[in-house]
Structure formats: structure tokens, C-alpha cells
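Visitor: I would like to learn how to read strands and their neighbours in a model. Please show me one case.

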Amino acid sequence: MRGFEFSKYKPSQLPKGGFEDLLKLFLELLNYTAGDAGEALAWMNELDKQYNITNGQYGMGNFIDDLKEKGYLTEENEKGEFRITAKTEQSIRQSALEEIFGKLKKSGRGNHRSPQSGQGEEKNAERREFEFGDSSDQIDMTQSIHNAQVNHGIGDFMMTERDLEVEEMDYKTLTSTVLMIDISHSMILYGEDRITPAKKVAMALAELIKTKYPKDTLDIVVFGNDAWPITLKDLPYLQVGPYHTNTYAGLELATDLLRRRKTHNKQIFMITDGKPTCLKEGTKYYKNSIGLDRKVVNKTLNIAKDPYLQQFVRKFTETNGGKAFYSSLNGLGEYIFEDYIRNRRKTVR
């Protein structure tokens with residue numbers, strides 16, 4: 001009996017020359033260098049020395065010239081340093097979206113259908129008989145004609161209301177989201193980089209909202225000793241600081257931002273790697289990184305006395321049973337994307 005012996009497949013993760021391949025690596029490295037183009041290019045030079053990521057026809061000098069010519073890089077600043085452009089920032093977001101959304105499609109986590117449906121914006125697989133008040137856009141004409149032929153015969157064709165079949169529609173609700181990102185020092189402790197996956201999720205979620213759900217809103221809050229909002233443009237350059245974790249300040253700012261939004265659906269995603277360790281009291285900071293400090297924890301929990309947040313918590317616990325999701329860094333994006341898309345879709349009759 002003849003057989004086949006297969007060698008172990010080892011996919012190459014490094015480019016083999018050419019602008020597009022090198023651009024993918026460059027965009028990925030920018031996530032780790034906090035948007036520092038010079039440092040990213042220096043890393044690429046080292047990789048080229050060790051792994052020959054360029055070839056004899058196309059070198060790093062050619063790549064840098066193309067980056068400038070195609071609008072990804074500029075030296076037009078006082079220090080003459082390489083800096084990325086708005087085009088590069090958008091490319092980083094698109095790359096993050098493709099990476100995370102691609103994993104979500106492959107994972108097969110499910111589509112979270114609701115048992116209720118009705119007039120809306122997006123078709124689903126459900127079918128039912130036509131009812132008074134249904135939009136004509138919902139009528140499945142092909143299936144309705146088929147029903148008429150089965151019910152009345154082909155020779156003397158006729159169609160009645162009972163032959164009509166409609167496609168159920170999912171109604172996509174407007175949603176306001178606050179994404180909280182922990183930038184305390186622990187996000188890079190013990191040799192594990194947690195801030196880069198957090199930035200990728202934020203950039204991908206922002207790009208998803210901007211391209212697919214443009215009427216939704218996304219606010220981004222970072223929190224360390226204090227909490228403050230940042231813009232979409234700030235994300236590639238976000239770095240961990242020498243901070244403790246003031247979760248209370250982050251939640252307080254997030255709920256205040258959501259309170260100002262006029263949408264009905266509101267949600268908070270908080271990316272953090274640990275416990276709250278800090279409070280601000282006047283102009284001073286109260287800090288304790290050892291164990292769970294009762295003063296810090298109780299203050300953080302006391303924010304739940306806010307009526308607005310209480311309402312939010314009730315809605316939150318209805319959705320996930322009051323559970324927190326513990327995710328590996330690789331699965332972080334899929335969890336947040338899955339919940340975001342599920343929570344903004346509502347089906348009504």
C-alpha cells in the first residue's frame with residue numbers, strides 16, 4: 001500500500017520583499033512603538049539583517065522612499081524626524097479591524113439571534129406569513145409566487161394575501177459606547193505586553209463603527225492615577241505610564257460621557273488587567289498596590305449608587321448575568337466585537 005508522508009508546514013511570518021508585504025510589517029510594528037516611525041523602521045532594519053526580509057531588487061531605502069511618496073510618512077517637521085500621517089493612522093485601524101474581525105468570522109461563535117423580529121434594516125433567515133402592516137420591502141416575491149403555484153395551480157395562476165411570505169428583519173439600534181483602557185504600569189509588567197492588544201481593539205472598534213455603523217458613537221477613556229478622554233487620533237501613540245489604577249475615576253468619567261448621549265442603547269467596555277489601587281482625594285493620591293485595599297474597593301463600588309449607573313448595571317446584568325469575561329490577549333478583540341454587535345442589534349415585532 002502506497003502512502004504519502006507530509007513534512008511539517010511552517011508558515012513564514014516575515015515578508016519576502018515588496019512594498020505591500022513590508023507595509024504590513026511596518027503597520028504592525030507601529031502598534032508596539034506607540035506610533036514612533038523611526039523606531040519601527042530601525043526594528044525593520046534589524047529584522048532585515050537577521051532574516052533578509054528585503055531582496056536584491058527592493059531594499060529598505062526603496063521602502064522608505066515609497067512610504068513618503070505614497071503619503072504614509074513625512075519628514076516635514078522641525079527635527080526632520082520620520083512621522084506617520086493620517087493615512088497611516090487609518091491604515092493601522094483598518095489592519096486591526098481586519099485582524100480581529102477576521103478571527104471573529106472564523107471562530108464561529110454564533111450570531112445571537114433574538115426570538116423577536118420585525119420591520120428593520122437587515123434580513124435574517126426567518127420567514128412567516130404576511131400580516132397587515134408589513135412593509136412591501138419585506139415580501140419574498142420568489143417564495144410568494146412559489147406558494148401561489150402550489151396553492152392554486154399553474155394553469156389559472158392567481159395570488160392571494162395568504163400566499164405572501166415575508167422575510168424577517170433585524171432592527172439595528174443606535175448605540176453609544178465608551179471603551180475604557182487601563183494604562184497603569186501593570187499593563188506591561190512581568191514581560192507581557194497588554195497595552196498593544198488593548199490599542200488594537202480600540203482602533204478596530206473605532207474603524208468598525210466609522211465604516212459600518214456611522215451613526216453610533218464611541219468615546220475612549222484611559223485611566224491610570226486619573227482618567228481622561230482621548231481622541232481616535234491619539235490611539236496609535238498611546239503608552240503605559242508610571243501609574244496606579246484609578247478604576248473609580250474611569251467609571252465616573254465613562255458614565256458622565258454616556259449621560260450626555262441621547263441614544264437609548266449605551267454600553268461600557270473596560271479593558272484592565274487587575275484590581276483598583278488608587279483614588280484621588282483633593283489634590284493628593286491615595287495608593288495601595290498590596291492586596292485589595294478596602295478603601296479603594298469600597299469607593300469604586302460606591303459609584304453604583306448613582307441612579308444612572310444603577311440603571312446601566314441592571315441592563316448589563318440582564319445581558320450577561322453579571323459575569324466578567326476573562327480573556328487571553330489573543331481572544332480579547334473577538335469578545336468585545338461579539339458583544340458590541342450583539343448589543344446593538346434589536347429585533348421588534
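Visitor: Which residue stands opposite Phe223 in E6, if I start from Asp182 and look across?

Guide: Asp182 itself is the residue that stands opposite Phe223 in E6. Keep in mind that this is a predicted model.

Visitor: How many bridges join strand E5 to E6, and do they run parallel or antiparallel?

Guide: Strand E5 (residues 175-182) is joined to E6 by seven bridges, and the two run parallel.

Visitor: What about the pairing of E6 with strand E7: how many bridges are there, and is it parallel or antiparallel?

Guide: E6 and strand E7 (residues 227-230) run antiparallel, with four bridges joining them. The link from E6 to E7 is a hairpin through three residues.

Visitor: Is strand E6 mostly covered or mostly exposed?

Guide: A residue counts as buried when its relative accessible area is under 20%. In E6 (residues 217-223), six of the seven residues are buried, so the strand is mostly covered.

Visitor: Which unit do E5, H6 and E6 make?

Guide: Together, E5, H6 and E6 form a β-α-β unit, and the unit is right-handed.

Visitor: Where does helix H6 come within 9 Å of another helix axis?

Guide: At helix H1 (residues 19-32): its axis and that of helix H6 (residues 195-212) come within 9 Å and cross at roughly 115°. On the H1 side, Glu28, Asn31 and Tyr32 take part, meeting Thr196, Lys199, Lys200 and Met203 in H6. Sorted by class, this contact has three charged, two polar and two nonpolar residues.

Terms used
Residues are numbered from 1 along each chain as its sequence is written. This is a predicted model: local features need pLDDT of at least 70, side-chain atom pairs count only at pLDDT 80 or more; totals for chains, interfaces and linings use all residues. Side-chain values use heavy atoms; hydrogens and water are left out. Axes are lines fitted to C-alpha atoms, for helices over the stretch in contact, and angles run from 0 to 180 degrees between N-to-C directions. Contact means heavy atoms within 4.5 Å. Ala, Val, Leu, Ile, Met, Phe, Trp, Tyr, Cys and Pro count as nonpolar, Asp, Glu, Lys and Arg as charged, and the others, Gly among them, as polar. Buried means under 20% relative accessible area, exposed over 50%, partly exposed in between (1.4 Å probe, protein chains only). Two strands pair if DSSP finds at least two bridges between them. A crossover is right-handed if, with the strands pointing away from the viewer, the path from the first strand over the helix to the second runs clockwise.
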